[in-house]
Amino acid sequence: TEAPSTAASSAPTYSPPVRESIPRALLWGDTHLHTRLSQDAYSFGVTLGSDEAYRFAKGERIQATHGQWAKLDRPLDFLVIADHANGLGSMEALVAGDEGLMGNERLREWRRLLVEVGGAKAGLQISEEGRMRGWPDELNDVGILKPAWQRVVEAAERHNQPGGFTALNAYEWTSCPGGSNLHRVVVFRDRADRLIDFVPFSAYQSEDPEDLWKALDAYEDETCGRVLAIPHNGNLSY
């Protein structure tokens with residue numbers, strides 16, 4: 001007799017797709033925005049801070065630096081304000097006449113430029129001098145940086161609306177050894193309770209990305225928090 005066919009038993013079986021529980025909504029946002037807390041933005045005349053940035057992202061009408069009114073056609077779902085860790089808040093402190101900065105002759109001249117000249121002309125001169133001669137160490141005083149970072153965290157806490165709008169705590173690590181752009185946008189998953197006493201690790205401390213990663217690993221180990229470093233303008237590195 002003929003052996004029974006095994007075709008049916010060897011045929012592949014069909015398994016219906018498993019519905020994943022992971023949300024897959026398409027969300028729109030900005031992952032890299034500077035405010036007046038950034039050294040470069042302030043030098044070029046930016047007058048708006050974190051609160052104005054969040055209000056604009058959420059669809060409110062605001063008055064921009066140069067006086068025009070602006071409003072998004074469609075509000076964003078999330079915003080990453082990524083001010084430079086290097087010199088965070090230092091230009092504000094300089095214009096305010098911070099005692100720790102006034103002992104440096106170069107910084108006194110920069111203050112004069114910002115106060116008396118202002119705008120792009122002052123910003124270009126300061127940026128060029130900083131790039132050619134280096135940025136004074138005083139601009140990275142933790143006594144200036146930490147309160148500025150706390151303002152960043154507090155603003156995100158005020159504007160975060162779970163299920164409606166996400167304000168992500170973040171900063172920019174601005175490493176540029178030999179002209180190579182190794183910048184990273186450092187984005188935290190965490191809220192104020194884990195970040196309020198944190199001090200951002202900046203390129204002033206090290207321009208080596210591996211040192212940044214070690215610092216972020218240490219943050220996660222100490223706080224049980226979560227953090228992500230995203231390359232920024234890597235096309236300019238070589």
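Reader: Why is the pair of W149 and Y171 called edge-to-face?

Author: The centres of W149 and Y171 are 5.9 Å apart, and the angle between the planes is 90°. The limits are within 6.5 Å for a pair and over 60 degrees for edge-to-face, so that's the label. W149 lies in helix α8 (residues 142-159) and Y171 in strand β6 (residues 170-173), so the pair ties together parts that are 22 residues apart in sequence. W149 and Y171 also belong to one aromatic cluster with F188, F198 and Y219.

Reader: Where do these numbers come from, by the way?

Author: This is a predicted model, where local features need pLDDT of at least 70 and side-chain atom pairs count only at pLDDT 80 or more, while totals for chains, interfaces and linings use all residues. Residues are numbered from 1 along each chain as its sequence is written, and side-chain values use heavy atoms, with hydrogens and water left out.

Reader: What makes L114 count as buried?

Author: Buried means under 20% relative accessible area, exposed over 50%, and partly exposed in between (1.4 Å probe, protein chains only). L114 has 13% relative accessibility, so it counts as buried. L114 sits in helix α6 (residues 105-117).

Reader: Which residues does L114 touch?

Author: Contact means heavy atoms within 4.5 Å. Not counting residues up to four places away in sequence, L114 touches S43, M91, L94, V95, A122 and I126.

Reader: How do you know that C224 is exposed?

Author: C224 has a relative accessible area of 61%, so it goes down as exposed. C224 lies in the loop between α10 (209-223) and β8 (227-231). Helices (H or I, at least four residues) and strands (E, at least two) are DSSP runs, numbered from the N terminus.

Reader: What is the phi of C224?

Author: Phi of C224 is near 60°, a positive value in a residue other than glycine. Most residues other than glycine have a negative phi.

Reader: And what is the radius of gyration of the chain?

Author: The chain has 24 Å, whereas a compact globule of 238 residues would have one near 18 Å. That radius is taken over C-alpha atoms, and the globule rule is 2.2 Å times the number of residues to the power 0.38. The C-alpha trace spans about 105 × 40 × 35 Å along its principal axes.

Technical notes
Rings of Phe, Tyr and Trp (its six-membered ring) pair if their centres lie within 6.5 Å; planes under 30 degrees apart count as stacked, over 60 as edge-to-face and the rest as tilted.
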